[in-house]
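This report is meant to be read with the sequence and the model side by side. Please keep both open while going through the sections.

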Amino acid sequence: MKTTPRRAWVVALSAFALMFALALPARAQEYISQDVAGRVAAATVMVHIEYDGPEAGHTSWGSGFVVGNGLIMTNAHVVKDQTPKRIYVHNQYLPVTPARVLAARYDPDGRGTAGSSYYDVALLAYTPPAGLQLPILPFTTPYPHQGVFAFGYPGQDRPAQYVPETSASGAALNTPLSITGGMVNSVLRSNPSLVKHDALCYFGNSGGPLVTASGEVVGMQTWSAEPDHRNVVDSFAIGSHGLADFMMQSGYQPYFAR
């Protein structure tokens, strides 16, 4: 039976989502269903950077997620520097696709300080292949003790070089999506708010969505602290309302869960 691209990601994700749902750590306060995990996975992309000029041959990457038709949100630090570069986005359903920065704000001075200002947000534009419609993730309000799940592409030591002209893009599928579970420890009253949580994240998770068991975005993973004396690693995500405000200031309408 022939399937449309949209139907293909819905059908193919069931076993994929089940594998990750069963592997989530017991400390997560909630469980995420196969359907929800599959939808969030289809909306989460790797943001891959290939540098030109003096940095030719070097690559870097982070994560991102779909927030509108042809719109992806990620951290500004993933794409912000002025080095000549090419930006690509992809996941298991989206082939390697060029992207460009529409808007970015990077203001790291108040990192982790209550009452301070901290912005690290960027919007990317991309054009999906004809017939492919990735799901859009809605925002919702974070609160303490909420069970959450971090989606992203922490990757490996160095991602494979990509050939954007190759539609099959086999190399792009070699870096698996990671899903980890945890809990919101607190919501810092900074500008925008920062969500402190304990879902395990690595540097490639930067820009990935932090979602509830319903698949609603409470924040965007931005950085992780060093392990404390209990060997617990706290991570920080920029809160959903700050992300939505950034979209509106940039001229785009955010989606909120009903």
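## Basis of the model

The model is predicted, with local features requiring a pLDDT of at least 70 and side-chain atom pairs counted only at pLDDT 80 or more, while totals for chains, interfaces and linings use all residues. Residues are numbered from 1 along each chain as its sequence is written, and side-chain values use heavy atoms, with hydrogens and water left out.

## Barrel

Six strands, in the order β7-β8-β9-β12-β11-β10, form a closed barrel with antiparallel pairing, and the twist from one strand to the next averages 45°. Strands here are DSSP runs of E with at least two residues, helices are runs of H or I with at least four residues, and both are numbered from the N terminus; two strands pair if DSSP finds at least two bridges between them. Strand β10 (residues 209-211) is joined to strand β11 (residues 217-224) by 3 bridges in the antiparallel sense, and L210 stands opposite G219 in β11.

## Nonpolar cores

A nonpolar core is a set of buried Ala, Val, Leu, Ile, Met, Phe, Trp, Tyr and Cys residues joined through side-chain atoms within 4.5 Å, where buried means under 20% relative accessible area, exposed over 50%, and partly exposed in between, with a 1.4 Å probe and protein chains only. The largest such core has 57 residues, and V47, F65, M73, V89, F139 and F151 have the most contacts inside it. A second, separate core of 9 residues includes V148, A150, V184 and V195.

Contact means heavy atoms within 4.5 Å. Leaving aside neighbours within four places in sequence, F139 has contacts that include F65, M73, L243 and M247.

## Helix α4

Helix α4 (residues 240-249) lies across β11 and β12 (235-239), at about 45° to β12, the angle being taken on a scale from 0 to 180 degrees between N-to-C directions of axes fitted to C-alpha atoms, for helices over the stretch in contact. Its buried residues are S240, G242, L243, A244, F246 and M247, and they pack against β2, β3 (71-74), β5 (97-107), β6 (119-126), β11 and β12. Just after α4, G251 takes a positive phi of about 95°.

## Two buried residues

S63, in strand β2 (residues 59-68), is buried with a relative accessible area of 0%. The side chain of S63 reaches the backbone oxygen of G204 at 2.8 Å.

V78, in helix α3 (residues 76-79), is buried with a relative accessible area of 8%. Leaving aside neighbours within four places in sequence, V78 is in contact with V47, I49, G62 and S206.

Note on methods:
Polar contact = N/O pair within 3.5 Å; in protein donor to acceptor, adjacent residues only side chain to side chain.
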